[in-house]
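Good morning. I will go through one structure today, part by part, and I will give the terms as they come up.

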Amino acid sequence: MTVVGLSRKIILTLMILAIKHLPDFVQGLYPRDSPTREVKCLDGIWRFRLSESYDPEQGIEEEWFNDDLSNKGPTIQMPVPSSYNDITTNSSLRDHVGGVWYDRKFYVPLSWADKSVWIRFSSVHYRALVWINGNEAVQHEIGHLPFETEITNFCNFGEENRVTVLVNNVLTQTTIPQGSLVSVTTDSGSRIDQRYTFDFFNYAGIHRSVHLYCTPRTRIEDVILTTNFNGNTGILRYEVTTSTNDNPVVLVQIYNADDNIVAVNTAPANEQSTLEVPDVQLWWPYLMHTQPGYLYKMEVFLSTESTRNIDVYHLKFGFRSLRWDATSFLINEKPIYFRGFGRHEDSDMRGKGLDLALLTKDYDLLRWIGANCYRTSHYPYSEEAMDFADEAGIMIIDECSSVNTENYSEHLLEQHKNAIEELFVRDRNHPCVVMWSIANEARTSANGANSYFQRLADFTRTLDPTRPITMSIAVSPSRDQTGQHLDIISVNRYRGWYESPGQLDTITNRIVNEMIEWNSKYGKPVIMSEYGADTIEGLHIIPEFVWSEEYQVALFSRYFEAFDILYSQHDFFIGEFVWNFADFKTEQMVTRVGGNKKGVFTRNRQPKAAAHHLRRRYFELGKKLDNATLPDDLYPYITDTTFFCQA
């Protein structure tokens, strides 16, 4: 087979049947136990096998899904959730292009026989095809987002069952994000290589948890919330959609953080209702209030004419308002100044696999450093991360997985819309989500960019008019064609690194002047969504020199000065985001030393000198802008100047 023919087979491996946009039933409800629902987690060790690179359709043709993978050939153990790339010492697995197979056994309890049984994958990168006991159950594409389907008719109740998953990591010019396949001539012949322009490693696999759960046959399908407040009264508008036409009614009970019922309402299902909560406690970002991240619990009881409380579901939410204009962005009618990070879901061995210990550590570090926000750069993060943000009062700019978008086409636009719609359905009820980012560093000066992003932004507003839209722009103001379609202008700039490296004296004035130019062109608030410098931990050079810890600190200070000038002398500059929170892995290149080293923390979450420098700035800004209290250990003791003055 020719290389061209092989690449086509790789791309088409999971397209034998038409990929549908949304699986049979997609909802925004995370699987949770309740009086009417049970959840089993299928995380653990699965069996794993590669498709041969020379025959990517082998597993389909030989019907590996009809038997245990171990009976079809050699398998290895693979942890779920995790990326498969760094689990072994095999470079061919790390760099594999095409399909891989997973399977495992599970039991469905006899007690579930009169219920509907569902399987839900929180994230599989990039395409997935799932079989249950040899029956095709669901297909999905777009990594980093959940999909699920009902599998009741495929289950053996009280017996062993098997789930088989084919995962394909191939990126093309119409996937989100984009990529391409190229032929590489090697010492032993030709092979297909995956190429992409984004600056992080294309990790693949079953990245997040897999859940098996049951619901009543008549069930709550979704809960859709919007919140606001009027004085001391919280306003909750909600709609509970259901699977029944039997005159469904929903009873809603609202609990405060002390688990006391503060509001009750009964209303028809499948239509919007309103409920008021007296003496409301608002959801505030970290350091903007003494009790940030205040959450209420909503408990929903579904009844029909024939059965009372046939299904029960609960979720947490927060009351807050968002408003923006030509110069500012307000939460609960108070101006926001964003101080945060771009981040990555990335760690040693696990790749982009969900790691709750790492997630907990990251949120502790976010609070330690005084950040009040981050971007989910450059793809949706785990639902568990969003829950952490709700609880911690960390604001999220929720970014879809469009990176360096180019070669605009109708097919790409439809895929992009799908990615945004699925993200919206998943995250719309999170109070932490304050903005949608529809792309990162798209080629916004290219032909077609204007129309493409106008249509994309208009589509996003039809989904959610309550949050502003942004995207991070990398071109100059004079070349950009897209800012007029956004609500907030976000700009990525690397003066002192990619531009004029080592020249610290070229940063401050140019950053100030360019941000003014962006605002003058579009008349909208401006955020610095990325800036930074690669830094090797432990490398010390004075005077400051690129790659040293001293240079990262000095570069930050030049940007800090620019930000302070912008904030104090102009009314449109509303935030700063360091790139990056922690070091992360990239593809192999001579401009990267084991990955991207722009983190203020190392990949294993230890601080560089810049982390302490940034911490002092973020807390001082919190004190100045939001009356936050400074930590006792922010400044180590040096001397008592009063004592020396007296002496």
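Two strands count as paired if DSSP finds at least two bridges between them. Helices (H or I, at least four residues) and strands (E, at least two) are DSSP runs, numbered from the N terminus.

A word on the source. This is a predicted model, in which local features need pLDDT of at least 70 and side-chain atom pairs count only at pLDDT 80 or more, while totals for chains, interfaces and linings use all residues. Residues are numbered from 1 along each chain as its sequence is written, and side-chain values use heavy atoms, with hydrogens and water left out.

I start with the open sheet. Its four strands have the order E1-E14-E5-E9, with antiparallel pairing. At the edges are strand E1 (38-41) and strand E9 (147-150), each of which pairs on one side only. From one strand to the next, the twist averages 20 degrees; for angles, axes are lines fitted to C-alpha atoms, for helices over the stretch in contact, and values run from 0 to 180 degrees between N-to-C directions. E1 and strand E14 (residues 210-215) run antiparallel and are joined by four bridges. Opposite Glu 38 stands Cys 214 in E14.

Next, the barrel. Eight strands form a closed barrel, E25-E26-E27-E28-E29-E30-E31-E32, with parallel pairing. In this sheet, neighbouring strands are turned by 25 degrees against each other on average, direction ignored. Helix H7 (residues 449-463) packs on the sheet and touches strand E28 (433-440) and strand E29 (469-473); contact means heavy atoms within 4.5 Å. The direction of H7 makes about 155 degrees with that of E28. Strand E30 (residues 489-492) and strand E31 (residues 526-530) run parallel, with four bridges between them. Ser 490 stands opposite Ile 527 in E31.

On a 1 Å grid over the protein atoms alone, a cavity is a set of points where a 1.4 Å probe fits but cannot get out; a pocket is an open set with protein on both sides within 12 Å along at least five of seven lines; lining residues have an atom within 4 Å of a point. Grid points are joined across faces, edges and corners, and a volume is the space filled by probe spheres set on the points.

The second largest pocket holds about 480 Å³ of space. Its lining has 26 residues, and Leu 225, Thr 226, Thr 227, Asp 464 and Thr 466 lie nearest its centre. Which strand gives the largest share of this lining? E15 does, with five residues. By class, the lining of this pocket has 11 nonpolar, nine polar and six charged residues. Here Ala, Val, Leu, Ile, Met, Phe, Trp, Tyr, Cys and Pro count as nonpolar, Asp, Glu, Lys and Arg as charged, and the others, Gly among them, as polar.

The whole structure has seven cavities of 30 Å³ or more. About 180 Å³ of space lies in the largest cavity. It is lined by 19 residues, with Glu 345, Gly 353, Asp 355, Leu 358 and Leu 359 closest to its centre. Helix H4 (residues 356-369) supplies the largest share of that lining, three residues. The lining of the largest cavity divides into five nonpolar, six polar and eight charged residues.

Last, one residue. Lys 334 is found in strand E24 (residues 334-335). Beyond its neighbours within four places in sequence, Lys 334 is in contact with Trp 284, Met 288, Phe 329, Leu 625 and Asp 626.
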